[in-house]
Protein chains: 4
Amino acid sequence: MSKLWGGRFSKKTDKLVEEFSKSIHYDNKLAEYDIWGSMIHVGALFKSRYLTRDDANKLLVGLKEIADELDPNKFIYDPNCEDIHTDIQNKLQNKVGDLGLKLHTARSRNDQVVFATKFYCKFKIKEIQEAIGELVHTINTLAEENKGIIIPGFTHLQHAQPVYLKDYLWAYIEMLKRDTHRLQYIAENLKITMGAGALAGTPLDPNYGQGIKEILTGKVSELLQKFKIEAVSNSLDTVSDRDFIIEIIAALSIVAMHLSRLSEDLILWTTKEFDFIELDEAFCTGSSLMPQKKNPDVLELVRGYTGRLYGNLVSVLTMMKGLPLTYNRDMQLDKEPLFNSFEIVSKELKVLKGLIATIKFNEKKIAGHLEDESLYATDLVYYLVQKGVSFKQAHTIIGELISYSLNNDIKIKDVPEDILKEKFSDKIIKKEFNQLFNAKKSVDSKLSVKRDYDLNIFKTQE
Amino acid sequence: MSKLWGGRFSKKTDKLVEEFSKSIHYDNKLAEYDIWGSMIHVGALFKSRYLTRDDANKLLVGLKEIADELDPNKFIYDPNCEDIHTDIQNKLQNKVGDLGLKLHTARSRNDQVVFATKFYCKFKIKEIQEAIGELVHTINTLAEENKGIIIPGFTHLQHAQPVYLKDYLWAYIEMLKRDTHRLQYIAENLKITMGAGALAGTPLDPNYGQGIKEILTGKVSELLQKFKIEAVSNSLDTVSDRDFIIEIIAALSIVAMHLSRLSEDLILWTTKEFDFIELDEAFCTGSSLMPQKKNPDVLELVRGYTGRLYGNLVSVLTMMKGLPLTYNRDMQLDKEPLFNSFEIVSKELKVLKGLIATIKFNEKKIAGHLEDESLYATDLVYYLVQKGVSFKQAHTIIGELISYSLNNDIKIKDVPEDILKEKFSDKIIKKEFNQLFNAKKSVDSKLSVKRDYDLNIFKTQE
Amino acid sequence: MSKLWGGRFSKKTDKLVEEFSKSIHYDNKLAEYDIWGSMIHVGALFKSRYLTRDDANKLLVGLKEIADELDPNKFIYDPNCEDIHTDIQNKLQNKVGDLGLKLHTARSRNDQVVFATKFYCKFKIKEIQEAIGELVHTINTLAEENKGIIIPGFTHLQHAQPVYLKDYLWAYIEMLKRDTHRLQYIAENLKITMGAGALAGTPLDPNYGQGIKEILTGKVSELLQKFKIEAVSNSLDTVSDRDFIIEIIAALSIVAMHLSRLSEDLILWTTKEFDFIELDEAFCTGSSLMPQKKNPDVLELVRGYTGRLYGNLVSVLTMMKGLPLTYNRDMQLDKEPLFNSFEIVSKELKVLKGLIATIKFNEKKIAGHLEDESLYATDLVYYLVQKGVSFKQAHTIIGELISYSLNNDIKIKDVPEDILKEKFSDKIIKKEFNQLFNAKKSVDSKLSVKRDYDLNIFKTQE
Amino acid sequence: MSKLWGGRFSKKTDKLVEEFSKSIHYDNKLAEYDIWGSMIHVGALFKSRYLTRDDANKLLVGLKEIADELDPNKFIYDPNCEDIHTDIQNKLQNKVGDLGLKLHTARSRNDQVVFATKFYCKFKIKEIQEAIGELVHTINTLAEENKGIIIPGFTHLQHAQPVYLKDYLWAYIEMLKRDTHRLQYIAENLKITMGAGALAGTPLDPNYGQGIKEILTGKVSELLQKFKIEAVSNSLDTVSDRDFIIEIIAALSIVAMHLSRLSEDLILWTTKEFDFIELDEAFCTGSSLMPQKKNPDVLELVRGYTGRLYGNLVSVLTMMKGLPLTYNRDMQLDKEPLFNSFEIVSKELKVLKGLIATIKFNEKKIAGHLEDESLYATDLVYYLVQKGVSFKQAHTIIGELISYSLNNDIKIKDVPEDILKEKFSDKIIKKEFNQLFNAKKSVDSKLSVKRDYDLNIFKTQE
């Protein structure tokens, strides 16, 4: 296949080298974005008088035809091409003949790749944000439908204090809020530029926004209205920069980490021992040996994929370490980790949405767990504090009472009032005291939390 | 030393456990921020009537005294304490007696640690931004002082096209711009809250901003005006969240990556072979065996420390993977990587500033490098394009010309006009052609770059 | 402080550079190993006639004196020195005067650092292996003391089949066996060499083993008998190589990962919900807010520290990526991650040993968990297989039986024989069938496991 | 497609779940190894009388037929199957009918996957070792063909001392020696076992080696003679263990790191500035914009891929952190990083072999670099030491001489003898002194290196 370079070479590239350096098997994902970039470039060439209006229009028609043939499931790229940019160049030449040889005027793949990748990221971030929004909606629905449920809250995976299930689930929504906000920041700061050339700029007029509109129509013209295409500010930086890739994979890694925690909680809740929830069969798998098994494989895979995201992050960070300016071929290896990260997180969000929508809570079992007296120990402390005992003393007294209860195998509620008064604190009035072992009362006494539960951020991105 | 817990325990903690779980040898860095937090908490306790005005004032005086004794070089923490929070609690009790036992009312270390760490981060990010600003200033000064210099630009570490040294150095300023912008985003979204308790909130009034001002004076009152202290929105999330730590280390990792690239370039430029620059002796070190050595160790260490940053990032990411809600003790291990990352990047920025301020460019040597004809090959292509040759054809023609020049060991400038016309293109006029081998002309013909060189972002954070 | 280099420098090193490049605050750990190396080097200088016997002896006496002053808790290094090698050189000069200036003949720190670090590793690996051995002994004791206990085995954290607790605990011993074997491989392949110089070798006689014994006595002579000190084979590789650091941190990362899994299991077992075990109070900590808490902090920290190990590994791997030969200063940054990794894993092994030694199993609670009929589903399948049903059919039949039992809220044991026969398989004889719900019988029927439980590997390293 | 489980499920698995949990698109690489495992399992079932001789033979014939259809380029797996194990089970049923339902008797995929993956690794490690051996052979040939060449040796990328090119290249062979040795260790300790079941073992006879030979013939019988198939020692460990995956990726990461360093050196050597070597055009690529470019893309990609290896390592390490025993679905995610790591390193070794075989050294240019006097500074020091000056004094004197030479812009060779004697050392005899600036003499005076250059290790693995 014809390459975009080669004049000075008298030898053919070694087969192994071709296989080793090829990227078309993954960068074909950029086809659409590359075509748009080429169209805009045609506009710029026209504006700078490197192309006549007629030639420009012919090239645009040719590019439009290729774009129309794109279809994620049908598009056939030529696997013998070095990359998608070469493939599209060749396809264009097939359509418009030698005129196609003018398209690459004042353009370098270094710039072209950055353009297409950034454009791709703009769209993919949006997709992820939408999937986050849908997952959040599902979690919120689950929370609302079960808003009366109180569960034991855990610290150190030990019973701590009772909490509303809704607050628990909203903790995950808070995480996802930060995630979508972070992605929004990245998307907004992703500047799509043109004109860097290989590293030193080109002789073209840098005002892409203006005059090129005259010749560009249809979808690319809409894109130009929606996304600002800017002239490059520093061309050396532009072809050397992969910050946006790292930022995105880092943000997606945090999403994945959040989802791994959610999965862990659900895995625990679905054990025979916790038994807080029932997963739907459609979201579980079985065992080839043990017929009873109904395993939470989806959740385990979500947890495990976290490593893949972290690995992708390390991969790109390592690649960029210590690279001299400007473009080096190492940077081609940014795309697989990027694409893979988008893909994994996107799948995770979607499959979790389905799984969470079908969760059933075992209210009876959960109620049983709330009978554990230790969950109310802090309320007992506050009781004493309100009676004038200093906090640390009250903490010690209740600590000793718990110890007494364990050592004597007696429930706190069953400790006689005289012993409570004598051994622990004469301020304890048993009748009052025993009313403290009440989940609802305990939760409702926590006034410090403002529960600023607002889903607007998930809408504003649309 | 007295602990913040213990009533229910009848056995002493094992010595190994104390050593293993202790954090005071690193979290003593949080002392100042923890004291401010305690003062605000006193305000909240007063407002919610858990403390009388008199008691509140006594506690504030005691805390103020401890704050006054703080001095990074002199502050003596008690190494036997579990953590800095315990140490300050103890110090306070020494000052105000049993009244001190009330301070911890309706408070948990889970919340306290988050408060102090976030506050610390606000200040540290500012310091890093200032150090970035100073480094940028130094790079810009170097760029301005040498703005006439043109150097060979590289792609793939091969001669590509001539570029202005100033543009080259500004590529690094562009990176640092993104860095400071990213840190700014993190700082602005770092919400400092109170009232999460251990996980479930507390019985205290959540309106910290308001009534507590009445009792708080001096520095803490200034802080309250400068930083918004908010009531917690979701207490389970607050004690479970370490996103901000990951965001910061990720952002600092990108800074470190940028500095590693800058270092790599300078290391190359300082080799005998490149010889573009001379480093000052004060910023080099020698060899114990080879007396001639003047090594760029500073730059190598900056390059090498990148690994440390990446490692810190992996450390916290791994730690958080798959943790169930809410707080787990694993999370204590966030602080060393965080502190270490701030420290390394801060030192790097400062030492690079000094080193860069003293760089001398070897203009003569650089000029010699610019004589390489291959640097102008792209200009030769544009020449043909302007004569009407299509870009890809022109590219091929010049490629063949270069090949001819190499194979016949003849300079392009010395190829006779008839051969140029016959073998390559009859559009070539030798006189015009030979004028293209001119660095200044080459650089100035690149009109597409807008050089939007503005340092304002480094000022606005102040 | 006097440096090991400097003749060609007319300027003083910048303060920031000194602070930034200094390593004595961590490499002081190598003092002992560096002194031994210096002694052996004196032997080599004597052998190659660079030192008289008398001078050599004086140097050895001086070095011996410094060695005698070493004491991990007391040794005072000079924090103003660049590194421990400089410090020892200075200390030696203080003792023997100008004669000390001869010690560094034909020696470079590049080589010296590698020597000392490798020697250090040999000893530290041994320590880790011993700590592994002790932890294994403790686990095995726990396993033996409770060898009658059967627990529910888990896959996907769901009840799978009953297993012996002993086999469960031995799974961890198997992991630790691989760990110690892996460390043994590393230690055995750690070649301690001399003579690399800065990169190009030295003029000294390479036969260290032989003639130098004549002048070396005491501990260093014992070391020479125990450890082979070899002449360098390729000097460029020797000063460039940090494989051994990576290997060690990778091996320690796997140890840490194993311990994180053990911790996870114990954390789960100690929840209110599982309640398989009781941890000793001396190995737990409490809460400053919630007096009832007895948290498994030790286990959580062990789990969390895994991230630190992985981070250290990434740190050194990143540092080494793409470094040109030979020595580069980046490599100095290998030591903190190495030392830190040894330290963390060493502490983890020791504290876990203590914790595990005091674990109590709640046999009654565990017995209750074994009543879950689903644990025996596979045994029901084997029963049908033995009656001639093909495995996959049997699997399906029992799967349907479980489904029936769940949907009709009836225990399998209570399903009437006629229904069993009619709806599921006429080969089922209820009397036989009901005997299958027996943990001991189930476990003992698994003949395929050879239980090759041998602790010899932990002894042979001694 | 029929699954290996499902009896208890009344609902169909959700489509998203099927897509998300499927592994056949990558684990089809294990087809061959899985079939061998199934054959051995048939042998075991026969031996334990779960299969008649006749049935066993029919199954073996069926499996053999599937194996015969395997061809990396032609094999068609059913993409609707969950994994390759299910696919092969289905294919077998198509061939032998209901008899196929007996194959999975007393077997779990947990065990099956481990068996196939370990077997796969044995073969892949061998392939990598062979590719290493071939690369080493190529490097050695290059070294031998150019053994007379001396190059400047570098530390800190600064001129240090002259070294033989051969020694330089052998530094890389030393690294590759350690790599192959490390892989050998892993392969030898990779125990291939059977009988773990899902976690608890199976009722089958554990003596695989013996009686099953009776029924197994052909290739599988050869394999049984070559590789020891053992009974499982601890079944819980076997299904939980992924150490071997981590070990392999860690070892391959070190290989990749070594290759990144080799690439970095060659990239430097091929710059206009160093110009030590000429790469063959067949191993370079060009630029779409700049016609002169002949870029070392292969080397850059090798350098960049290091990140991918490190990322794969982090991916699996993270995945395994904190997983409870025994098998969890997360572990399925070990295979892509493993396969990818083998593939990348394999390609790197092969393409580098081709590239290195065609390298040409620019002897003239290299000779020019050797004229740098600073390369001989250490020889000047040794000269003074042999004249009785102590090493550190000599080091200082020569340092000052270099400083003098630089400041006065005079070559050391040209400093008059009287100045040498007066200002530096009266022991200097100019005639002797000037002869020290001799690369060959310098290199040959380094006696300490034993150059134990033996390629046997690369043969013994065959």
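This note goes through a predicted model, point by point.

1. **Ground rules.** The model is predicted: local features need pLDDT of at least 70, side-chain atom pairs count only at pLDDT 80 or more, and totals for chains, interfaces and linings use all residues. Residues are numbered from 1 along each chain as its sequence is written, chains are lettered from A and ligands numbered from 1 in the order in which they are written, and side-chain values use heavy atoms, with hydrogens and water left out.

2. **Chain A against chain D.** Superposition here is by least squares on the C-alpha atoms of residues with pLDDT of at least 70 in both copies. Of the interface residues of chain A, 100% are also interface residues in chain D, so the copies meet through the same surface. Contact means heavy atoms within 4.5 Å.

3. **Chain A against chain B.** Chain A also goes onto chain B by a turn of 180° and a shift of 0.0 Å along the axis, with an RMSD of 0.0 Å. In chain A, the residue closest to this rotation axis is A:Ala250, with its C-alpha at 3.5 Å. The same surface again serves both copies, since 100% of the contact residues of chain A recur in chain B.

4. **Fold and dimensions of chain A.** Chain A has 19 helices and six strands. These are DSSP runs, numbered from the N terminus: helices are H or I with at least four residues, strands are E with at least two. The radius of gyration of chain A is 31 Å, whereas a compact globule of 462 residues would have one near 23 Å. That radius is taken over C-alpha atoms, and the globule rule is 2.2 Å times the number of residues to the power 0.38. Along the principal axes, the C-alpha atoms of chain A fill a box of roughly 100 × 55 × 40 Å.

5. **Packing and surface of chain A.** Of the 462 residues in chain A, 71% are buried. Buried means under 20% relative accessible area, exposed over 50%, and partly exposed in between (1.4 Å probe, protein chains only). Among contacts in chain A with a separation of 6 or more, 78% come from residues 24 or more positions apart. Chain A exposes about 15500 Å², with 48% supplied by carbon and sulfur atoms. These areas come from the Shrake-Rupley method with a 1.4 Å probe; for residues, only the protein chains shown count as cover.

6. **Charge.** Chain A carries 63 positive and 66 negative side chains, and the centres of the two sets lie 2 Å apart. Lys and Arg count as positive, Asp and Glu as negative; His and the chain ends are not counted. Each charge is placed at NZ of Lys, CZ of Arg, CG of Asp or CD of Glu.

7. **Cis peptides to check.** Most residues other than glycine have a negative phi, and most peptide bonds are trans. A:Leu325 and A:Thr326 are joined by a cis peptide bond, with omega about -5°. A:Thr326 sits in the loop between α11 (297-320) and α12 (335-357) of chain A. In chain B, a cis bond joins B:Leu325 and B:Thr326, with omega about -10°. B:Thr326 lies in the loop between α11 (297-320) and α12 (335-357) of chain B.

8. **Positive phi to check.** B:Leu157 is not a glycine, yet its phi is near 60°. B:Leu157 lies in the loop between β1 (150-155) and β2 (158-164), and is buried at 4% relative accessibility. B:Asp409, also not a glycine, has a positive phi of about 50°. B:Asp409 is in the loop between α15 (391-407) and α16 (417-424), and is exposed, with a relative accessible area of 73%.

9. **Two buried aspartates.** C:Asp87 is in helix α5 (residues 84-96) of chain C. C:Asp87 is buried, at 2% relative accessible area. Leaving out residues up to four places away in sequence, C:Asp87 touches C:Ile24, C:Phe75, C:Tyr77, C:Asp78 and C:Cys81. A:Asp379 belongs to helix α14 (residues 377-386) of chain A, and is buried at 7% relative accessibility. A:Asp379 and A:Ser445 are 66 residues apart along the chain, but their C-alpha atoms are separated by 8.9 Å.
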